[in-house]
Amino acid sequence: MIFSGGLDSTTLLYELQAAGHEVAALAVNYGQRHGRELLCAKAICQNVNVELTTLELPELAQVFGDNSLSDANAKVPTGTYEQDSMQQTTVPNRNMILLSLATGWAISNNYQAVAFGAHSGEYTPYPDCRPEFAAAMDEATQLCDWQPIRILAPFVNWSKSDIVRRGSELNVPFEETWSCYVGGEKHCGRCGTCLDRKLAFEKSGINDPTPYETE
Ligand SMILES: [Zn+2]
């Protein structure tokens, strides 16, 4: 599975294990502005005895260009996701690139499927998180090698609050997951993804254990 140490992919990891799958995790450093989430990824995988492979590909930032997740000069937008700030935090074609890398890794290791944590949003979803995108990638990866590899996106029709609810049932250690774009000591509490995380806890009625810099 593609693993980032975030709330969604951590819940996905627990979900796959609960379903009885043998899980291995692939994290990709594609030049994110901070390594905070990758440190979280390591700790979470150690806790549940899942093997974590980390690909160091910071040069991918050159492919992804001018957006606030991988460009150190871009400003992280604050406030909830609106069309403009969504576009500023869109890493172009990230999921196809990551799925493509993960599919190669899965074939080399004789894994049968690649799972990723795409979900639908309260707002317009990222284009590469839509169900149609996941279905098209699934079809393509079944044709890319002699053995068919499946793409699994079990949360693709879920909202983030559905994921929080399921994560709570699975005893996901939410406090160990990382969402914030800024990457300080604590979650900043102001960027789009922090607000999204807070809102998901609020809506699901689950207690949010995340320490934020601002409430
Ligand atoms: Zn933040």
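Strand E1 (24–29), helix H2 (36–47), strand E3 (113–115), helix H7 (160–169) and helix H8 (192–204) are among the elements that cover the buried residues of helix H1. Here, buried means 20 or more other C-beta atoms within 10 Å of a residue's own, with C-beta atoms placed from the backbone; exposed means 12 or fewer, and partly exposed is in between. This is a predicted model, where local features need pLDDT of at least 70, side-chain atom pairs count only at pLDDT 80 or more, and totals for chains, interfaces and linings use all residues. Residues are numbered from 1 along each chain as its sequence is written.

**Overall layout**
- The protein has eight helices and four strands, taken as DSSP runs numbered from the N terminus (helices H or I, at least four residues; strands E, at least two).
- Of its 215 residues, 37% are buried.

**Helix H1**
- H1 (residues 7–18) spans 16 Å between its first and last C-alpha, close to the 16 Å expected at 1.5 Å a residue, counting one less than its number of residues.
- Nine of its twelve residues are buried, so H1 is largely enclosed by the rest of the structure.
- Among those buried residues are Leu7, Leu12, Leu13 and Tyr14, as well as Asp8 and Glu15.
- Glycine 20 follows H1 and has a positive phi, near 90°.

**Helix H6**
- In H6 (residues 131–141), Phe133, Ala134, Met137 and Thr141 are buried.
- Viewed down the axis of H6, these residues fall within an arc of 95° (taken over directions from the helix axis to the C-beta atoms), so they line one face.
- Glu132 and Glu139 are exposed on the other side of H6.
- The buried residues of H6 pack against helix H5 (94–108) and strand E4 (150–152), a contact being two C-beta atoms, placed from the backbone, within 7 Å.
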